[in-house]
Amino acid sequence: MTETLIEQHLKVLSLHRISETYKEEADKAAKAKLGYQDYLQRLLEIEVINKIERSINRKMQIAGFPQVKRLEEFDFSYQPKINEKLIRELAGLNFMEEAKNILFVGAPGVGKTHLAISLGVKAVQARKRVMFFTAEQLTVMLAGAEVSGNLNRTLGNLSKVDLIIIDELGYLSLTKQTAKLFFQLISKRYEMGSIIITSNKPFEEWGEIFNDDIVASAILDRLLHHSYPFLINGKSFRLKDISKNN
Ligand SMILES: Nc1ncnc2c1ncn2[C@@H]1O[C@H](COP(=O)(O)OP(=O)(O)OP(=O)(O)O)[C@@H](O)[C@H]1O
Ligand SMILES: [Mg+2]
């Protein structure tokens, strides 16, 4: 089919969604006896909604969540020690305006990663730039950047991200050198941008993670200064069905 002049103009303006729908919408508008302005408004709405959806999808890709988890799927009755009201408040994302951090600490399977991702998804839906890393991915990236002489650029790029999620801190220990790189990141984001961290290790044991008590306490000091720590000491959700069958 040959392109109409309208379609050519829409292409130049990158209004692709309008191009796909304007004819169908014109028929609908005629049937509903919509005025010219209402028709134009409808087309612009369609384009705006599409642009927002595309931007959110792009941001979801960039965020790199290992799976998509939603707060709506989290069963708070299974983990009654978690302050549900506070989590719901945090989902309003004010903590990001104030560059506050969130720490989820607890045993395997209590929902730390689920909660961290669901808050990250909320942030993406609000069109914030989010990046998810495991602690291991992050340290490998920082160590690689240092070796190639790009550490400052990498830290600079990470400081532009609105929310960084660091998952599974504590499952692997860091070397003294990577602990220092980790410290640099925390220090750079301190009071500038939010971090969500999940860890299986209580704060007293963070010296072991970083192989250095002094660096660990400097990291903790900054992370905790403006923060919402959640110590989750409930049962593993992964064992939910097993315990039901017994
Ligand atoms: N309260 C809950 N309601 C619904 N699903 C949950 C809940 N808690 C955990 N889950 C689900 O159980 C699985 C394990 O949870 P999650 O990965 O968040 O655990 P974790 O605390 O990060 O554990 P680990 O320390 O082993 O990484 C996930 O599939 C998660 O979606
Ligand atoms: Mg986890």
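**Questions on a predicted model**

Biologist: Why does Gly64 count as partly exposed?

Modeller: A residue is buried if 20 or more other C-beta atoms lie within 10 Å of its own, exposed if 12 or fewer, and partly exposed in between, with C-beta atoms placed from the backbone. Gly64 is in the loop between helix H3 (36-63) and helix H4 (84-90); helices (H or I, at least four residues) and strands (E, at least two) are DSSP runs numbered from the N terminus. Gly64 is partly exposed because the number of other C-beta atoms within 10 Å is 13.

Biologist: Which residues is Gly64 in contact with, leaving aside neighbours within four places in sequence?

Modeller: This is a predicted model, in which local features need pLDDT of at least 70, side-chain atom pairs count only at pLDDT 80 or more, and totals for chains, interfaces and linings use all residues. Residues are numbered from 1 along each chain as its sequence is written, while chains are lettered from A and ligands numbered from 1 in the order in which they are written. Two residues are in contact if their C-beta atoms, placed from the backbone, lie within 7 Å. Once neighbours within four places in sequence are set aside, the contacts of Gly64 are Met131 and Phe132.

Biologist: Which helix gives the most residues to the shell around ligand 1?

Modeller: The shell has 18 residues, the closest being Pro108, Gly111, Thr113, His114 and Phe237; a residue is near the ligand if its C-beta atom, placed from the backbone, lies within 6 Å of it. By class, 5 are nonpolar, 7 polar and 6 charged, where Ala, Val, Leu, Ile, Met, Phe, Trp, Tyr, Cys and Pro count as nonpolar, Asp, Glu, Lys and Arg as charged, and the others, Gly among them, as polar. With 3 residues, the most given to this shell comes from helix H6 (residues 112-125).

Biologist: Which residues is Gly109 in contact with, beyond neighbours within four places in sequence?

Modeller: Gly109 is in the loop between strand E1 (101-106) and H6. Gly109 is partly exposed because 17 other C-beta atoms lie within 10 Å. Beyond four places in sequence, the contacts of Gly109 are Ser236, Phe237, Arg238 and Leu239.

Biologist: What is the angle at which helix H7 and helix H9 pack?

Modeller: Axes are lines fitted to C-alpha atoms, for helices over the stretch in contact, and angles run from 0 to 180 degrees between N-to-C directions. For H7 (residues 135-147) and H9 (residues 176-189), the axes are 9 Å apart and the angle is about 95°.

Biologist: How is H7 placed relative to H9 by that angle, and what is the term for it?

Modeller: Angles under 35 degrees count as roughly parallel, over 145 as roughly antiparallel, 65 to 115 as roughly perpendicular and the rest as oblique. The contact is made by Thr139, Leu142, Ala143 and Glu146 of H7 and Thr178, Leu181, Phe182 and Leu185 of H9. By class, this contact has 5 nonpolar, 2 polar and 1 charged residues. The angle therefore makes H7, relative to H9, roughly perpendicular.

Biologist: What is the phi of Glu191?

Modeller: Most residues other than glycine have a negative phi. Glu191 is in the loop between H9 and strand E4 (194-199), and is exposed because 10 other C-beta atoms lie within 10 Å. Although Glu191 is not a glycine, its phi is positive, at about 60°.
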